[in-house]
Amino acid sequence: MSAHDIARARQILASAKRVTALTGAGVSAESGIPTFRDAQTGLWAQFDPMRLASPEGFRADPTLVWRWYAARRARVRAVEPNPAHRALAAAAPRFEQFTLITQNVDGLHARAGSRDAIELHGNILRTKCFDECGVVFESPEELPAGEPPRCPRCRAYLRPDVVWFGEMLDPAVLDRAERASAAADAMLVVGTSGLVYPAAGLPLAARRNGVPVLIVNPDESELDPIAEVCIRARAGEALPRLFAAD
Ligand code: APR
């Protein structure tokens, strides 16, 4: 992480009134949540997340998919937000407008104190009716890990309230994220490979509107070519420095 890059990024943020941040799995990596494209760990190593996280995968084996999410819920509940989540939550009130958009479904931004984060891909701590009859609720801790429970209203299976591969994002959620990205004075992009759209299109929309894009990622990402500054560092290391008081 070069001091020059940090200084440049701090200078851009210091003069920004409206900041939009887009986070990906990398912002939760230092909490112990493996990123999506890391090899699946342990029991799940032999399964392809693209298959498990899909309506087809759920229809093919609802119990397997439900168990995978039960394990992920338990893991998320067992970890804590890290300094990156906390730095974003603490920085928000310092700006006229701070919009946090996340691709993560782990709820760690909210637990770190970020209010009203835009959860583009939903949240595994919420459960909904597979047949979309309207039933959605916060997942209680004691949700069983066996066969998925049945919807109390229509008896269809329940499923995690997340956006699966092949499913559309909520248009209203995406519209709010797009508007916040295009209207920002600076856009911070933290811990994402930039491989998955429409999320990866948000920094591109910002750049098209002349918004400087600041990337925090220890590795190269698909979005690097549009960045004003690329900070090669872990989020838990860089974000507290980016937002440290002068
Ligand atoms: N700090 C910052 N970035 C990190 C860290 C860290 N400590 N550790 C890893 N990274 C970076 C990796 O270099 C990688 O670029 O985080 C990124 C994680 O990329 P992905 O695993 O592709 O996760 P993400 O970009 O969030 O995936 C987007 O795709 O799999 C779907 O729906 C899923 O929301 C997910 C979406």
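Alanine 206 touches Ser181, Ala182, Met187, Val211 and Val213, leaving aside residues up to four places away in sequence. This is a predicted model. Alanine 206 sits in helix H9, which covers residues 201–208. Is alanine 206 buried or exposed? Alanine 206 is buried, because its relative accessible area is 0% and buried means under 20%. The C-alpha atom of alanine 206 is separated by 9.8 Å from that of isoleucine 226. Along the chain, these two residues are 20 residues apart.

**Around helix H9**

Now take the whole helix. Which residues of H9 are buried? They are Gly201, Leu202, Pro203, Ala205 and Ala206.

The stretches before and after H9 have details of their own. Proline 198 is found in the loop between S7 and H9. A cis peptide bond joins proline 198 to tyrosine 197, with omega about 5°. Glycine 210 follows H9. The phi of glycine 210 is positive, near 75°.

**Two domains**

The chain is divided into two domains. Domain 1 takes in 3–32, 81–121 and 169–242. Domain 2 takes in 42–78 and 127–162. How far apart are the C-alpha centres of the two domains? They lie 28 Å apart.

The interface can be described by its contacts and its area. Five residues of domain 1 are in contact with six residues of domain 2. The size of an interface is often given as the accessible area lost when the parts come together. Between domain 1 and domain 2, the buried area is about 390 Å². Carbon and sulfur atoms give 49% of that area. The side of domain 1 that touches domain 2 has one nonpolar, two polar and two charged residues. How many salt bridges are there between the domains? The count is zero. Two residue pairs are in polar contact across the interface, both at pLDDT 80 or more.

**Salt bridges**

Side chains of opposite charge can pair when their charged atoms come close. A search of the whole structure finds 13 salt bridges. Here are three of them.

| Salt bridge | Closest N and O atoms |
|---|---|
| Aspartate 161 and arginine 126 | 2.7 Å |
| Aspartate 175 and arginine 179 | 2.9 Å |
| Arginine 232 and aspartate 224 | 2.4 Å |

Aspartate 161 counts as buried because its relative accessibility is 14%.

Aspartate 175 and arginine 179 are both in helix H8. They are four residues apart, about one turn of the helix. Aspartate 175 is partly exposed, at 33% relative accessible area. Arginine 179 is exposed, at 51%.

The last pair joins arginine 232 and aspartate 224. Arginine 232 is partly exposed, with a relative accessible area of 30%. Aspartate 224 is buried, with 15%.

**A network around lysine 128**

Which residues are linked in a network of salt bridges? The network links Glu119, Arg126, Lys128, Glu132 and Asp161. Lysine 128 lies in strand S4, residues 122–129. Lysine 128 is charged, yet this residue is buried, with a relative accessible area of 12%. Its side chain is joined to that of glutamate 132 by a polar contact of 3.1 Å. Not counting residues up to four places away in sequence, lysine 128 touches Val135, Val136, Tyr157, Leu158, Arg159, Pro160 and Asp161.

Glutamate 132 is placed in the loop between S4 and strand S5 (136–138). Glutamate 132 is not a glycine, although its phi is positive, about 55°. Arginine 155 also has a positive phi without being a glycine, at about 70°. Where does arginine 155 lie? Arginine 155 is in the loop between S5 and S6. Arginine 155 counts as exposed because its relative accessibility is 52%, and exposed means over 50%.

Terms used: Residues are numbered from 1 along each chain as its sequence is written. Side-chain values use heavy atoms; hydrogens and water are left out. Domain bounds come from an automatic or database domain assignment. Contact means heavy atoms within 4.5 Å. Buried area is the accessible area (1.4 Å probe) that two parts lose on being put together, summed over both. A salt bridge is a side-chain nitrogen of Lys or Arg within 4 Å of a carboxyl oxygen of Asp or Glu. A polar contact is a pair of N or O atoms within 3.5 Å; within protein, one must be able to donate a hydrogen and the other to accept it, and residues adjacent in sequence count only if both atoms are side-chain atoms. Helices (H or I, at least four residues) and strands (E, at least two) are DSSP runs, numbered from the N terminus. Buried means under 20% relative accessible area, exposed over 50%, partly exposed in between (1.4 Å probe, protein chains only).
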